[in-house]
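Subject: Structure for your files

Hello,

Please find the structure below. My notes come after it.

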Amino acid sequence: MSGAIDIISSTIEQKTLNSCNSIIAAFFTGKNIRMNSAKEELFPTFTLKIEVNTKVPNAFEIRIMENNQVFFCQVIDFRTNGLPLPGKEPFFQILLKRAIYIFLTEFTGEVLPWGILSGIRPGKLILRMQDLGLNKETQARILTELYMVSEEKANLLRTINEIQRPYLLKIKERPDLVSVFLTIPFCPSRCFYCSFPSTQLSVKNRGLFQNYLDALYQEVKLTGEMMKELGLKADSIYIGGGTPTILNATELEMLFQVILKNIKMDDQIEYTVEAGRPDTIDYAKLIILKNYQVNRLSINPQSMQEQTLRKIGRNHLVTDVLKCYGLARELSDWVINMDLILGLPGEGPNEIRDSVEKVLTLRPDNLTVHALALKKGSIAWDENYEHSSCQNWLGIQSEVAQQIKSAGLNPYYLYRQKYIVGNLENVGYALEGKECRYNMAIIEEQQNIIGLGAGATSKILKGNSGHINIYNPIDLKHYLKGFREVHLKRKRVLREEHGF
Ligand code: SF4
């Protein structure tokens, strides 16, 4: 097969055909998918021809050809026994994707665990089905028969939905509660897989760093005034990055003071700080976090293999993770999350199993297992890093899930990304009652989120249908100039959508 695949049709409009690109690409990793670009009568390249069948009612005819010779052809019935359509996507488009999926599964022998479900937030489909009042049996059929999701993934979605339900119900009852996210887009070094526009902090850019902090304090102040005016309180505050703990103790204390002075917090505030890099944590900083009521901490090893940490550009050792975790545990009873990544360079089942075991020995309250996603702007992308194709990623992920569940942690949120290893997903696990409200709010998009700092996104709900994203400039200098304007927009949209 050549490096390109042409997709052609004379009966399906271009836009609908284009929507199937990601499904086809998932079966032909690394191939260039060209939509309707083969203009000639003869098709010298590998070609997928998809037509609405004119002889058989309610059916597509799909064939695979090369050099104009057909070597696999199927007629696929597109009736779905009256299953209702839960999403906004046109029904015909879903049926087309489903037919292509069935055809390519037959042709390649491969099964995709998420079927034709290509969105980042599959949990929202369950929420939509619940809003439509569909019973559990119909929901299960829609997932497995219409979207072709595997039983295992459908069960995972159901488990997560059951854990999330009480939190999401509470969120609906309290529209005056919002999540506030602040970002510190600076890091001590660049991780191999990172596409986040984080700046490496150095002596040279100290001035810019201070200007950034000053602007962020201003933005917090404006937000506090706005929240007071609109009668809003913070349900959760999440300081993420970048690496927030790159701030020294004095800077950290200043940031917390500004937040405390300006942002009105709910009594049950969930207050999280990403202390992602263990090498940026020390006793003095942890004491400050504790004094300012931080009750959740993220200490992220990503891997517990020394050689992997070196390969991915983390400037810390496994012992730094252990020291940092031990110190944090000694100082407070905060909820501690740890992150691991599946698919890091040079890692297979043995290394992954070992890292999961080592992390579980520490008994974290939350464990988030990411699957490596290749993203533009990362060192991995620039170096044309390819996921290892010889691993049974689905099997490894299931094994890891079992290991974690045996330690008493249950899956409570998940999201997917493009170009992710093994077509898997990122899953957050938690001990019962220790789930992170902010993570659920942002992934399921059920609460107003006010994002502060360069590159932060605010999500303002639009009544019962969708939300409006408002973006802060990513570039630091643009942020310094533009944050006031974004603030005014955010305030106007909050007023318009919620009548605050
Ligand atoms: S710590 Fe996070 S934000 Fe910073 S470089 Fe690594 S992945 Fe990117």
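Predicted model: local features only at pLDDT ≥ 70, side-chain atom pairs only at ≥ 80, totals over all residues.

Residues are numbered from 1 along each chain as its sequence is written.

Domains. The domain assignment of the protein gives domain 1 (4-114) and domain 2 (168-496); such bounds come from an automatic or database domain assignment. Taken over C-alpha atoms, the centres of domain 1 and domain 2 are separated by 38 Å.

Sheet. Helices (H or I, at least four residues) and strands (E, at least two) are DSSP runs, numbered from the N terminus. Two strands pair if DSSP finds at least two bridges between them. Five strands, in the order β2-β1-β3-β4-β5, form an open sheet with mixed pairing. The edges are β2 (32-35) and β5, each with a single partner strand, so one side of each has no neighbour in the sheet. From one strand to the next the twist averages 20 degrees, with axes as lines fitted to C-alpha atoms and angles running from 0 to 180 degrees between N-to-C directions.

Strand β4 (residues 59-66) pairs with strand β5 (residues 69-77) in the antiparallel sense, over eight bridges. Across this pair, R63 stands opposite C73 and E66 stands opposite Q69. The two strands form a hairpin with two residues between them, and N67 in the turn has a positive phi of about 50 degrees.

Core. A nonpolar core is a set of buried Ala, Val, Leu, Ile, Met, Phe, Trp, Tyr and Cys residues joined through C-beta atoms within 7 Å. A residue is buried if 20 or more other C-beta atoms, placed from the backbone, lie within 10 Å of its own. The largest such core has 131 residues, and I100, V180, I299 and L342 have the most contacts inside it. Helix α3 (residues 91-108) supplies the largest share, eight residues. Domain 1 and domain 2 each contribute at least three residues to this core.

E274. This residue lies in strand β10 (residues 265-274). E274 is buried, with 22 other C-beta atoms within 10 Å. E274 and I336 are 62 residues apart in sequence and 9.9 Å apart in space, C-alpha to C-alpha.

Ligand. The residues around the ligand include C187, R190, C191, C194 and F196, where a residue counts if its C-beta atom, placed from the backbone, lies within 6 Å. The shell divides into four nonpolar, five polar and two charged residues; Ala, Val, Leu, Ile, Met, Phe, Trp, Tyr, Cys and Pro count as nonpolar, Asp, Glu, Lys and Arg as charged, and the others, Gly among them, as polar.

Regards

Definitions and conventions
Buried ≥ 20, exposed ≤ 12 C-beta atoms within 10 Å, placed from the backbone.
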